[in-house]
Amino acid sequence: MVKNCQLESVLNYGSEGTVYSGIWRRTRAAIKVLNNQYARRAENEVKLIKILDHSNIIKYYDLEYEQGTAYLVMEFITGGNLYEFIQTKFTSTSYWSTIEQILHDIARGMIYLHDHRIVQGDLKSHNILLREGTHQAIICDFGIARCLDNDNQEKKRTNTTKGTIRWMAPELCSPPPEPSSFSSDVWSYGCIILETTSAREPWIDQFNDDSLLFRALQ
């Protein structure tokens, strides 16, 4: 128990921290207890996403600090993620009609982000939550998202590749990698479509090793 956050059961473990279900100021929430090295990045993440308001974008509530630990507080979504849905429902009779709705939802959320000059940067099935009952798709995880300058979409290249290889656009794998962009988000969206049609991760039949795929994308 911290000042404003009551942690309950673990929802997910990740490199950035552990996500719990819990209560934040009397509101049901998902609360990520961040590893120290990600706290500063989370501040930028919250500033970027907290002001957005769209049914297909997860809501960020706040970033709380208690005794040196950062707690990222987000909307609580039950229903699992798209990756799990594909793996468990691919052969069901309602799969294709539901997937059509989900893909439309993702596109609407992505267009909204791009209209606000935000690049999500890591679109993949694991980062699409589904609302229980309706299967409404919610784009989440904006850890490497960025807002493009109003006057210039291009940023200087870096030596760091960011994203998840099977959903990454080729230009993000080039040496040195280009920064993420609207176009790279669209590529990732296309990879999600590919995944929904086969119930297999993108390019797994052509390259079953991530390092081989990375070299091919270069």
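User: What lines the largest cavity?

Analyst: The lining consists of Gly121, Asp122, Leu123, Gly163, Thr164, Trp167, Met168, Leu172, Ser180, Ser184, Asp185 and Ser188. This is a predicted model, where local features need pLDDT of at least 70 and side-chain atom pairs pLDDT 80 or more, while totals for chains, interfaces and linings use all residues. Residues are numbered from 1 along each chain as its sequence is written, and side-chain values use heavy atoms, without hydrogens and water.

User: What makes a space a cavity rather than a pocket?

Analyst: On a 1 Å grid over the protein atoms alone, a cavity is a set of points where a 1.4 Å probe fits but cannot get out; a pocket is an open set with protein on both sides within 12 Å along at least five of seven lines, and lining residues have an atom within 4 Å of a point. The count is 1 cavity of 30 Å³ or more, and the largest cavity has a volume of about 60 Å³.

User: How large is the largest pocket?

Analyst: Its volume is about 920 Å³. Among its 34 lining residues, Asn12, Val19, His126, Asn127 and Cys140 are the closest to its centre.

User: Why is leucine 148 called buried?

Analyst: Buried means under 20% relative accessible area, exposed over 50%, and partly exposed in between (1.4 Å probe, protein chains only). Leucine 148 has 3% relative accessibility, so it counts as buried.

How values were computed. Points joined across faces, edges and corners; volume = space filled by probe spheres on them.
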